[in-house]
Amino acid sequence: MSYGPVFVPSRRPAATERWRGSRCDEVVLPAVRDALWEFTREVHNLEPGPAKLSGLNDTREAEAKIGMLGTDTAPLCLVLRAHLPGPPAARKHWREDLGTQGVRPQAAQVTGIDQVDPDQVAPLLTEPPSQHVRPWLILRSPAGFAAGALSVDPGDGLPRRVIDFAVLHLNRPGAAGERPPRCPHCNQPRVRRYAAFDLCPDCGWFAT
Ligand SMILES: [Zn+2]
């Protein structure tokens, strides 16, 4: 399977500048990491336990932060690509789509929601969130598919998509053939070969 990020961030000078200077762990704060890992744990039936975040392109002033979230024992890791939010989708309130709680056998999409402090989502957004409401994190993943997205509703009911993620198995044979000398998605020459996959630390492209 090959996965190429499809999101192109809008260019806003101040936000772009702030992003370029930030590390992955400064953008993806603990409450957001916990929500991502909790969602992964529930979807993939993993043991409880906190996950650690490693930034993969922290020194390169990138507009997208690529990070890996995992534990010492989990058979999976989560690769995330945090990017500047696009304009919010001007649609009906996202909560109208939610339906009832619990996992339905025919569900096309798995959704997880969480409420966090405004400070925990501020670095993900281009405008400061209101300090008077607790923002929502909305995690969505097509059922049976190991990739998804995290959006933030800072309080106005409109989700901003800020992180794309994919869940990769660590205990399967890795990509076949040679490690690509350049990333097929962004053309940077830094594709890394891990035991179970190849991963580009610049854009988050991977091959298993
Ligand atoms: Zn790349």
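Two strands pair if DSSP finds at least two bridges between them. Helices (H or I, at least four residues) and strands (E, at least two) are DSSP runs, numbered from the N terminus. The structure is a predicted model: local features need pLDDT of at least 70, side-chain atom pairs count only at pLDDT 80 or more, and totals for chains, interfaces and linings use all residues. Residues are numbered from 1 along each chain as its sequence is written.

**View 1. The open sheet has seven strands.** Their order is β2-β3-β4-β8-β7-β6-β5, and the pairing is antiparallel. β2 and β5 (109-115) are the edge strands, each pairing on one side only. On average, neighbouring strands are turned by 25° against each other, direction ignored; for such angles, axes are lines fitted to C-alpha atoms, for helices over the stretch in contact, and angles run from 0 to 180 degrees between N-to-C directions. In the whole protein there are four helices and 11 strands.

**View 2. β3 and β4 run antiparallel and are joined by five bridges.** Strands of a sheet pair through backbone hydrogen bonds, either parallel or antiparallel. Gly67 stands opposite Leu80 in β4. The helix α3 packs on the sheet, touching β2, β3, β4, β5, β6, β7 and β8. The direction of α3 makes about 135° with that of β4.

**View 3. The largest nonpolar core has 44 residues.** A nonpolar core is a set of buried Ala, Val, Leu, Ile, Met, Phe, Trp, Tyr and Cys residues joined through C-beta atoms within 7 Å. A residue is buried if 20 or more other C-beta atoms lie within 10 Å of its own, exposed if 12 or fewer, and partly exposed in between, with C-beta atoms placed from the backbone. Leu36, Leu69, Leu78, Val79, Leu80 and Ala82 have the most contacts inside this core. Elements giving two or more residues to the core include α3 (30-44), β3 (65-70) and β4 (76-82). Two residues are in contact if their C-beta atoms lie within 7 Å. Leaving aside neighbours within four places in sequence, Leu78 is in contact with Leu36, Trp37, Thr40, Leu69, Gly70, Phe165 and Val167.

**View 4. Asn45 is found in the loop between α3 and β2 (52-55).** The phi of Asn45 is near 50°, a positive value in a residue other than glycine. Asn45 is exposed, because 6 other C-beta atoms lie within 10 Å.

**View 5. Glu61 lies in the loop between β2 and β3.** Glu61 is not a glycine, yet has a positive phi of about 50°. With 11 other C-beta atoms within 10 Å, Glu61 is exposed.
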